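This briefing goes with the sequence and model shown below.

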Amino acid sequence: MRGLARARSSGKSAAGGPVSDAAPVTALLRLLPTASARLTGGLAALVLLDAALAPALTVAIGALAGRLPAAAGAGLDSAAGRGVLTAFGVLALIYLANVLMDPVIAGTSTRLARRLAATVSRMTMRGTLRPAGQAPLDGPRVADLLMLAQGRGTGQLPVGLAVTALPRLIAVRLAGVSAAGLLLLFAWWAPIPLVVAWVVMGRRQDRATRRAADSHAGTTTELRRAEYLRSLALEGAAAKEIRVFGLGEWLVEHFTRAWLTGTRELAGRRRADVGDLACLAGLIAAHALVLVPLTVAAARGDLSVARTTICLQAVLGTASLGWLGDLQWTITRAAAAAPAARRLAELGRGAGGSGLSPLPVGSGLSAGPVKAPALGGAPAHAIRFEAVRFRYPDRHAPTLDRLDLTVPAGSSLALVGDNGAGKTTVIKLLARLYDPAAGRITTDGTDLRALPPDSWRRHIAVVFQDFLRYELSARDNIRFGAVDAAPDRHALASAARRAGADAVLDGLPDGWDTPLSRRFTGGTDISGGQWQRIALARALYAVEHGARILVLDEPTAHLDIRAEAELYEQFLDLTRGLTTILVSHRFATVRLADRICFLDGGRVAEEGTHDELLAAGGRYARSFSLQAATLTGEAHA
Ligand SMILES: Nc1ncnc2c1ncn2[C@@H]1O[C@H](COP(=O)(O)OP(=O)(O)O)[C@@H](O)[C@H]1O
Ligand SMILES: [Mg+2]
């Protein structure tokens, strides 16, 4: 069964990689001891004990039935009557034990399910966070796995459900096995036709439904769309636009459609075919094969009443070896999170897994042993992009093409260019979220690829265009600039003051401890401009802890050109002596930077000080005059 399942699921997903390598239930069983070895062992023991009670009950009923005829004549006072009472007592005890086992098993499996859910989340998070670069996370393949690992790809079946259902499945199966065993009381061959018929039929059904689940797991695109639409409606960020544009009904309708399409294969309905009819015929024949001789033997008196009763129950009991419908279906679907989590846990492991390229050997780039640069990589002289070429995986044209750029240490550089020119991409390469396809980036002559990404990044603080607004305390929002360092009140206060965030903090009801979101008790929302101050403080807190390269990548989207110019000027004042990069598509806001690079067509088109560039009369000069007119226009308005 495992072999079959593995062969099936090794099929490629639509996104290009196999989604699950192991049958979900196998993967689940392997995960359980990781979640809790103690609870897994306990649960296994309980399930086995419970399984033993099922045939015991069958035998006890048989024993009771066997003693009834004699006692019926002799009365309860007789030896036969006492035999009946004893048999009844034993039956009652077994029954009671059986009843008591259920809550114990349910309690244990619920506790194990809770642990498993945490384990799966932890594996998923660690795996997703492990790749040093961003590339391994791009694309729909990882998105599919993430959906499944969170139980959302199976239409919201949490993985824990598989654990609470599994003991029931095992108990039912073992009861089936023991029923088959009890048929030996009639004849050695009696279990064979029934076991074969039920197992063949069950496999067939299981295979069909599993095929549906597998093909579903290959691409969860529709479900992801549904999830996205639902989150738009339920999470706050879109509330304004949804109301203004009246998108509500559209969202509900499209969510419903995407959800029903996305889960259709999971419904697992299929038409019966000839094979199913053959299975059914086989099942009827197997029953006839056993029941006819059994009845004849009982009627002839060759089989005692006790044995006949046991065997009749056992015949019915073998059905537990067949298809268990919902139970099996639920487990297979809920367990789909297990192989997905395992695959995600492997993200970033092995050659190339980080998404970053190792230093090419023998390319001349790594000639000689790599000298540890001063300060472990922080540049004392310059960071250089040398003939850097970079293309996003899903793009035809390169975004950066033979880009040469020098960022002198300890001074400020402005990177200007139109929207989409590749400015943010330059910053991403600098922070090693991606590596160049050709060329190299060096710090004081050392290829960045020779440095561990983590230690290189400690030198860099970036306020991105889309910086994060953590719905956590103001303190956490700022101290994330150096999360490994013990929170340092002086450094926090100093970063906040320099970023102009102290006014924001003074206005918070609970100061530094205030959650910056109304979705949390005692929390409050702050304005876009205030968020920007907090984000700036975060970067400056990183500087307090040793970051020497500071980047502002247009975190100024909602600022007008004048406010952006003011912020950048303030910032240049604040960061004198640091290696600073200001990014903007508004040429007029960065004229005070020591050097300005104008990015166009994937490379630096013009470069120099503001005055030099103006004097050159090129595109920078033209764009600048155009935008400067706006600036002065606003000033006069
Ligand atoms: N993750 C990505 N995948 C594919 N293409 C991207 C990605 N990020 C940016 N691009 C594309 O690369 C080009 C440069 O983008 P970007 O560096 O963000 O420009 P800028 O910051 O100058 O506005 C754009 O054409 C953009 O669409
Ligand atoms: Mg950008």
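The points that follow are grouped by topic. The model is predicted. Its protein chain holds 23 helices and 10 strands. With a radius of gyration of 35 Å, well over the 26 Å that the globule rule gives for 637 residues, the chain is more spread out than a compact globule.

**Overall form**
- The C-alpha trace of the protein chain spans about 120 × 55 × 55 Å along its principal axes.
- Taking contacts between residues at least 6 apart in sequence, 75% join residues at least 24 apart.

- Buried residues make up 46% of the 637 in the protein chain.
- The protein chain has an accessible surface of about 31000 Å², and carbon and sulfur atoms account for 59% of that surface.

**A sheet of 4 strands**
- This sheet is open, its strands pair in the antiparallel sense, and their order is β2-β1-β4-β5.
- The edges are formed by β2 (400–408) and β5 (446–447). Each has a single partner strand, so one side of each is left without a neighbour in the sheet.
- β5 pairs with β4 (residues 438–443) over 2 bridges, in the antiparallel sense.
- T443 has T446, in β5, as its bridge partner.

Notes:
Residues numbered from 1 in each chain as written. Chains lettered and ligands numbered in written order. Predicted model: local features only at pLDDT ≥ 70, side-chain atom pairs only at ≥ 80, totals over all residues. Heavy atoms only, no water. Rg over C-alpha atoms; globule rule 2.2 N^0.38 Å. Buried < 20%, exposed > 50% of the residue type's maximum accessible area, 1.4 Å probe, protein only. Contact = heavy atoms within 4.5 Å. Areas by Shrake-Rupley, 256 points an atom, 1.4 Å probe, with all protein chains shown as cover. Pairing = 2+ DSSP bridges.
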